[in-house]
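Thanks for sending this one over.

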Amino acid sequence: MEAEEYARLDETEHRHWWFAAAHALVIATLRHRAANSPQPVLDAGCGTGGLLARLEAEFPGRRLVGIDIAEAALMRARAKTRASLARASVASLPFPDRAFGAVVSIDVLCHRAVDPDRALREFHRVLAPGGTVTLNMPAHRWLHAAHDDRVHNRSRYALKEIRAMLAAAGFETIDAHHWNSLLFPALLLQRKVLAPLARGPRRSDVAPVPAPLDRCLRAVMAVERGMLRAGLRLTFGGSIFAVARKPAS
Amino acid sequence: MNEQSVPSGIDPKLLEILVCPLTKQALRYDREHQELVSAAAGLAFPIRDGIPIMLVDEARRLDDAASTTRPEGAAQ
C-alpha cells in the first residue's frame, strides 16, 4: 500500500463500519470453526493490527500471531496488540508445518505483490489438519477503481475463481459468499459516478465516516449478517468472504 | 534488570514457532547480535525493535562477514 494509506488505515480501522463488519464475520467464523483448537491463529497480512486487537478482545488467552511485509504497518500494530508479530511474506511463511489452528487473511491475496496461489499453499502447509482458512477478497473485476490502485490491489475476484484457487491449494471450501451487498448500489454510485467526477488526489475509500452515518451503515451490516446467517446468498456485493478447511487426513 | 534493558528482545513465544522461511528448518537465536540464524540457508535474519525480519532479501549472508558491524570480541 502507499505509505500514507497505512496512516489512514491505522487511524480509521477501529471505528469504521467496513472493518467492524469484516471483523465480525471473522470472529463469528472462528467462534464456530476454531474455538476449541489449542493452536494459535495466524493473521496473514495483519497490516496495522486492527483485527488482531479485536481477536484479542474476543478470544482472551488465545495465542495470536500476525505477519506483514510492511515494517511501518507492524510498528503501528505493535502499539495496538500483544499478539506475536513478525515481518514476513505470505508466500514464504517462517512457520513449521501444521503450526496453526486457523489462518485469517483479509484483503491480502489480492495485493499486486502477492502470488495468491503460492500463499494459499503456504496457508495449507502451516494449518493443522482440520484447520480453517478465512479469506476476504474484493469482488467484481469491473468494479476496479482508484481505491484498488491506492491499496495496490492487483485484481478483484469472482466467487468461482476463489473456490478454484482454494481447491487448487488443497482446501475444501465450506462457504464462499458475497457480502457488503445491501450497500452495493451506493458503492456503485460512489465508485463509478462520484469518484471519477471528484477533483483532487485519488484516494482509497479508507477514510473516517461521520459518526451518525457510520452508525447507520453498521446497522445495515448487522441486517445483512442476519440475512447471511439465515442462509441468504446474493450474487453481488463489494467483497467475497470465504471459509475453507484443510482436510483432516 | 528492568524491561528497558532489553528493548529489542524478541517475544519468546514467537521464538518457539519461528523457522527459516526458505528451508523451514529450526533457527538459532543469537541473542547478542539479535539475529535468527538459519544454518541450512546460510542466512541470519535480523531482529529490529523486537520484530524479526523473516525476509530473505533483508537477511545477512553468513559468508559475508563484512556486512555486519560486530562489537570487538563478540563473535562466537
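The points below go from the contact between the chains to single residues.

1. A word on the source before anything else. This is a predicted model, so please read each value below as computed from the predicted coordinates.

2. Let's begin with the interface. Chain A brings 21 residues to the contact and chain B brings 17 residues. About 1,600 Å² is buried between chain A and chain B, and carbon and sulfur atoms give 60% of that area. Within the share that chain A buries against chain B, A:Arg63, A:Arg87 and A:Pro94 supply 33%, more than any other three residues.

3. The polar side of this interface is worth a look too. Between chain A and chain B there are nine residue pairs in polar contact. On the side of chain A that touches chain B, the elements giving two or more residues are helix 4 (71-80), strand 3 (84-87) and helix 5 (116-126). By residue type, that side of chain A divides into twelve nonpolar, three polar and six charged residues.

4. Next, the charged pairs. Side chains of opposite charge can pair when their charged atoms come close. Over all chains, the structure holds 15 salt bridges, and three salt bridges are found across the interface of chain A and chain B. One of the salt bridges joins the side chains of B:Lys24 and A:Glu122, at 2.8 Å from N to O.

5. A:Arg87 deserves a point of its own. A:Arg87 forms a salt bridge with A:Glu71, with the closest N and O atoms 3.8 Å apart. That pair links distant parts of the chain, since A:Glu71 sits in helix 4 of chain A and A:Arg87 in strand 3 of chain A, 16 residues apart. A:Glu71 is partly exposed because its relative accessibility is 28%, whereas A:Arg87 counts as buried because its value is 11%.

6. What does A:Arg87 form with B:Glu58? The answer is a salt bridge, with the closest N and O atoms 3.7 Å apart. This pair crosses between chains, running from strand 3 of chain A to the loop between strand 4 and strand 5 of chain B, where B:Glu58 is found. B:Glu58 has a relative accessible area of 33%, so B:Glu58 is partly exposed.

7. Staying with charge, but within chain A: the side chains of A:Asp97 and A:Arg125 meet in a salt bridge at 2.8 Å, N to O. A:Asp97 lies in the loop between strand 3 and strand 4 of chain A and A:Arg125 in helix 5 of chain A, so this pair ties together parts that are 28 residues apart in sequence. A:Asp97 is partly exposed at 40% relative accessibility, while A:Arg125 is buried at 16%.

8. Phi of A:Arg98 is positive, near 60 degrees, in a residue other than glycine. A:Arg98 counts as partly exposed, at 49% relative accessibility.

9. Chain A also has some strand pairing to point out. Strand 4 (residues 100-106) and strand 5 of chain A run parallel and are joined by six bridges. Here A:Ala102 stands opposite A:Thr132 in strand 5 of chain A. Strand 5 (residues 127-138) of chain A is mostly covered, with ten of its twelve residues buried.

10. Now for chain B as a whole. Its secondary structure comes to one helix and five strands, in the order α-β-β-β-β-β from the N terminus on. Chain B has 76 residues, of which 41% count as buried.

11. Is B:Arg60 buried or exposed? B:Arg60 counts as buried because its relative accessibility is 11%. B:Arg60 is found in strand 5 (residues 60-61) of chain B, and its side chain makes a polar contact with the side chain of B:Glu35 at 2.9 Å. B:Asp49, in the loop between strand 3 (43-48) and strand 4 (51-52) of chain B, has a positive phi of about 55 degrees although it is not a glycine. B:Asp49 is partly exposed, with a relative accessible area of 43%.

Key. Residues are numbered from 1 along each chain as its sequence is written. Chains are lettered from A and ligands numbered from 1 in the order in which they are written. This is a predicted model: local features need pLDDT of at least 70, side-chain atom pairs count only at pLDDT 80 or more; totals for chains, interfaces and linings use all residues. Side-chain values use heavy atoms; hydrogens and water are left out. Contact means heavy atoms within 4.5 Å. Buried area is the accessible area (1.4 Å probe) that two parts lose on being put together, summed over both. A salt bridge is a side-chain nitrogen of Lys or Arg within 4 Å of a carboxyl oxygen of Asp or Glu. A polar contact is a pair of N or O atoms within 3.5 Å; within protein, one must be able to donate a hydrogen and the other to accept it, and residues adjacent in sequence count only if both atoms are side-chain atoms. Helices (H or I, at least four residues) and strands (E, at least two) are DSSP runs, numbered from the N terminus. Ala, Val, Leu, Ile, Met, Phe, Trp, Tyr, Cys and Pro count as nonpolar, Asp, Glu, Lys and Arg as charged, and the others, Gly among them, as polar. Buried means under 20% relative accessible area, exposed over 50%, partly exposed in between (1.4 Å probe, protein chains only). Two strands pair if DSSP finds at least two bridges between them.
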